[in-house]
Amino acid sequence: MPSYLFDRSGSRYPIDEPRWRGDDGSPLMVGPLPGISAEQIDTGERSHWRYRAALPLPTERISLGEGCTPLVSSTVFGAEVLVKPEWFNPTGSFKDRGTSVMVSLLADQGIGAILEDSSGNGGASVAAYCAAAGIEARILAPATTSPAKLQQARAHGAEVQLVPGSRADTSREAIRQSQQRFYASHNWHPFFLQGVKLLAYELWEQLGFRAPDNVVIPAGAGSLVLGCDLGFTELLAAGQIDALPRLLVAQPSNCAPLVRAFERGDDAVGTGAEAPTWSLTIAEGTAIASPVRDREVLAAIRRSGGAMAAIGEEAIAGATRELASRGWYAEPTSAMAAAGLRMFRQRQVDGRPLIGPDQTTVLVLTGSGLKAAGAMAAVFG
C-alpha cells in the first residue's frame with residue numbers, strides 16, 4: 001500500500017526516509033491508509049502483529065509479544081464498562097505497541113543508536129525494544145521520574161540521563177542532543193502512532209468486528225488519542241465499522257493544556273502565559289505542558305464527537321482507590337481515565353447523557369501501579 005510522510009505545511013517525504021520531523025519543524029504523519037478487513041488478520045499470530053497488513057511498510061519485526069491484552073467487563077464508579085488493562089504489554093504499558101513498530105522500522109533503516117525522552121513508561125519501553133533490536137539507547141528523563149521506571153530502562157542496558165526541571169525541559173534537552181544522535185521520540189516519530197493505532201484494530205476484533213461507542217483514555221501528549229483516531233478512521237474508510245467511537249479524554253487539572261484549548265474552541269494549545277505555571281501532578285505520565293501534536297489531538301477528539309475533562313488531584317487519587325477496590329492496580333496516570341469516566345457519565349449533550357446506559361464503553365488503563373511506587377504510596381499512605 002503506497003504511502004508517504006507529510007508535515008503541517010503539506011510537504012511530503014518518502015515514507016522509508018529516516019526522519020523524525022518535517023523541514024518546517026512540525027511533526028510528521030503517515031499519509032492516509034485504506035484499513036483492512038477481518039480476512040486480512042493473521043489469526044495465527046498472538047501479538048498485535050496479527051494486524052500487520054494495516055501497517056504502511058513491511059518492516060523487520062521486533063516483537064516481545066505486545067498486544068492481545070484482555071478486554072474485561074467490570075464495574076467502575078457504578079458503571080458497567082469494558083476495561084482494557086494495557087499493563088499486560090511486555091514492559092507494563094501501552095507504549096510497547098508504538099515502540100515495537102517504531103523500533104522495527106529503525107532496525108530496518110540500519111540506525112544503530114537512538115535518543116528518547118520520556119517521563120518513564122516510554123523510556124522503559126524504548127530501552128527494552130532497542131535491547132531486542134541491538135540498538136544503543138540513550139533515555140532522557142525528568143529528575144522526578146519514578147525510580148522503578150528508570151531502573152527498568154537501565155536494566156535493558158540504556159544510558160539514562162536525568163534532566164533537572166520540568167518534562168518540557170527534558171524535551172528541549174533531547175532536541176538539543178538530536179544534532180548528534182537520531183531522535184526516536186515516541187512523541188515525534190510517526191511510526192510510533194502506527195503501532196498505537198493497532199489498539200483500535202484489536203478492540204474491533206475483540207468486540208466481534210464492531211466499534212465501541214466510547215473509548216475513555218488519559219492524555220499527556222495524546223499518542224493514544226491519535227492512535228485510536230487513526231485505527232478507527234481506517235476501519236471506517238474500509239467499511240468495517242459504521243461510525244467512529246467517541247474519544248473521551250482526561251487530563252490532570254494541574255497540567256491540562258489540551259482541555260483548556262478544547263474548551264476555548266482553539267485549534268492549538270498556543271504559547272500563553274499559563275504554560276509555565278502548570279504545577280506537578282500525581283499523574284506524572286501526563287505532565288506535558290506543550291504537546292507536540294496538539295493540533296492533531298484536538299482535531300481527532302472533535303472529529304469523533306468526543307469530549308475532554310480536567311481532573312483534580314484528589315479525584316485522581318480517588319479513582320486510583322476505586323480501581324484498586326475492584327482489583328485493578330492502576331497507576332494514577334491510568335486511573336485518571338476512571339475519574340474522567342465518572343465525570344463524563346454525569347454530562348448531558350442536548351438533554352441526553354453523553355454516555356448512554358446501553359452503550360459499549362471501553363476504559364483503557366495504560367500502565368500498572370507496580371511501576372509508580374511513590375505515587376501509589378502517596379495515594380494509599
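Colleague: Where does Ser223 lie?

Modeller: Ser223 lies in helix α7, which covers residues 223-237, helices (H or I, at least four residues) and strands (E, at least two) being DSSP runs numbered from the N terminus. This is a predicted model, in which local features need pLDDT of at least 70 and side-chain atom pairs count only at pLDDT 80 or more, while totals for chains, interfaces and linings use all residues. Residues are numbered from 1 along each chain as its sequence is written, and side-chain values use heavy atoms, with hydrogens and water left out.

Colleague: Is Ser223 buried or exposed?

Modeller: Ser223 is buried, because its relative accessible area is 10%, and buried means under 20%, exposed over 50% and partly exposed in between (1.4 Å probe, protein chains only).

Colleague: And what does Ser223 touch?

Modeller: Not counting residues up to four places away in sequence, Ser223 touches Phe94, Phe192, Leu193 and Val196, where contact means heavy atoms within 4.5 Å.

Colleague: Switching to the sheet, what is the strand order?

Modeller: The open sheet of 6 strands runs β4-β5-β15-β10-β11-β12 with mixed pairing, and two strands pair if DSSP finds at least two bridges between them. Its edge strands are β4 (72-76) and β12 (307-311), each of which pairs on one side only.

Colleague: How do β11 and β12 pair?

Modeller: Strand β11, residues 246-252, pairs with β12 in the parallel sense over 5 bridges, and Ala250 has Ala309 in β12 as its bridge partner.

Colleague: Which strand holds Gln251, and what surrounds Gln251?

Modeller: Gln251 sits in strand β11 and is buried, with a relative accessible area of 0%. Leaving out residues up to four places away in sequence, Gln251 touches several residues, including Met308, Ala309, Ala310 and Ile311, and also Ala219, Gly220 and Met336.

Colleague: What about Glu173, buried or exposed?

Modeller: Glu173, in helix α4 (residues 167-177), counts as buried because its relative accessibility is 19%. Neighbours within four places in sequence aside, Glu173 is in contact with Leu140 and Val163; the C-alpha atoms of Glu173 and Val163 are 7.9 Å apart, with the two residues 10 apart in sequence.

Colleague: Last topic, the surface: which residues make the nonpolar patch?

Modeller: Tyr329, Leu370 and Phe380 make a nonpolar surface patch of about 330 Å². Patches are made of residues with over 30% relative accessible area and no salt bridge, with like charges joined within 9 Å and nonpolar side chains (Val, Leu, Ile, Met, Phe, Trp, Tyr) within 5 Å; a salt bridge is a side-chain nitrogen of Lys or Arg within 4 Å of a carboxyl oxygen of Asp or Glu. Accessible areas come from the Shrake-Rupley method with a 1.4 Å probe, and for residues only the protein chains shown count as cover.

Colleague: Where is Phe380?

Modeller: Phe380 lies in helix α12, residues 373-380, and is partly exposed at 40% relative accessible area.
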